[in-house]
Amino acid sequence: MNEVLLINSSYQVLSRIEWQRAVSLVVTGEAETFEAHPTKVIHSQHLSIPLPKIIRMLAYVHIGFRPALDRQPTFAQIKLRDSRTCGYCGRHGDTIDHIIPQSKGGPNTWENLITSCRPCNNRKADRTPVQAGMKLLWLPRPVLPDTADQEYIWSVLANSAA
Ligand SMILES: [Zn+2]
């Protein structure tokens, strides 16, 4: 479902997180909703809150903590980063491959996950690229905060101040 943009108390873009995590940050008072979905509402036992689109941390998160926030990308983020392109053959990819397989201790990190087409994913199976005789077309990297997201935040702030 929806991902939520997380911004710092200083309005700098931090990352995108799962909406469930965003809701729990709001409910526990660690973050406030900066922009909510116009119609969708989340109902829990005790309260109903509009589904957040953007949340803002109330305490400043030091940039040194950012890798921790960014550490575990979602599969949707990996596909977005790779433009749904297979990292092994360049064709359309709709699966996610662990470059170092999970069975060999490969983590769920930006650097170890890559979009893959089904044939390449099946061919590689439970092996490293070297073992499978397959080459990566590019080196997967962590995604930096989206400039468009940041520009959007500044524009909302500019308009609300006017
Ligand atoms: Zn492929």
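How many salt bridges does the count come to? By the rule used here, a side-chain nitrogen of Lys or Arg within 4 Å of a carboxyl oxygen of Asp or Glu, the count comes to 6.

Before the details, some housekeeping. This is a predicted model, with local features needing pLDDT of at least 70 and side-chain atom pairs counting only at pLDDT 80 or more, while totals for chains, interfaces and linings use all residues. Residues are numbered from 1 along each chain as its sequence is written, and side-chain values use heavy atoms, leaving out hydrogens and water.

Take Asp149 and Arg16, whose closest N and O atoms are 2.8 Å apart. Asp149 is buried at 12% relative accessibility, and Arg16 is partly exposed at 31%. Buried means under 20% relative accessible area, exposed over 50%, partly exposed in between, with a 1.4 Å probe and protein chains only.

Next, Glu32 and Arg56 form a salt bridge at 2.9 Å, N to O. Glu32 is in strand β3 and Arg56 in strand β4, 24 residues apart.

Now the metal. The zinc ion is coordinated by the SG atoms of Cys86, Cys89, Cys117 and Cys120, at 2.2 to 2.3 Å. Donors are N, O and S atoms within 2.8 Å of the metal (3.2 Å for Na, K and Ca); water is not among the atoms, so sites may look incomplete. The donor residues follow the spacing C-x2-C-x27-C-x2-C. Cys117 and Cys120 are both buried.

Terms used:
Helix = DSSP H or I, 4+ residues; strand = E, 2+ residues; numbered from the N terminus.
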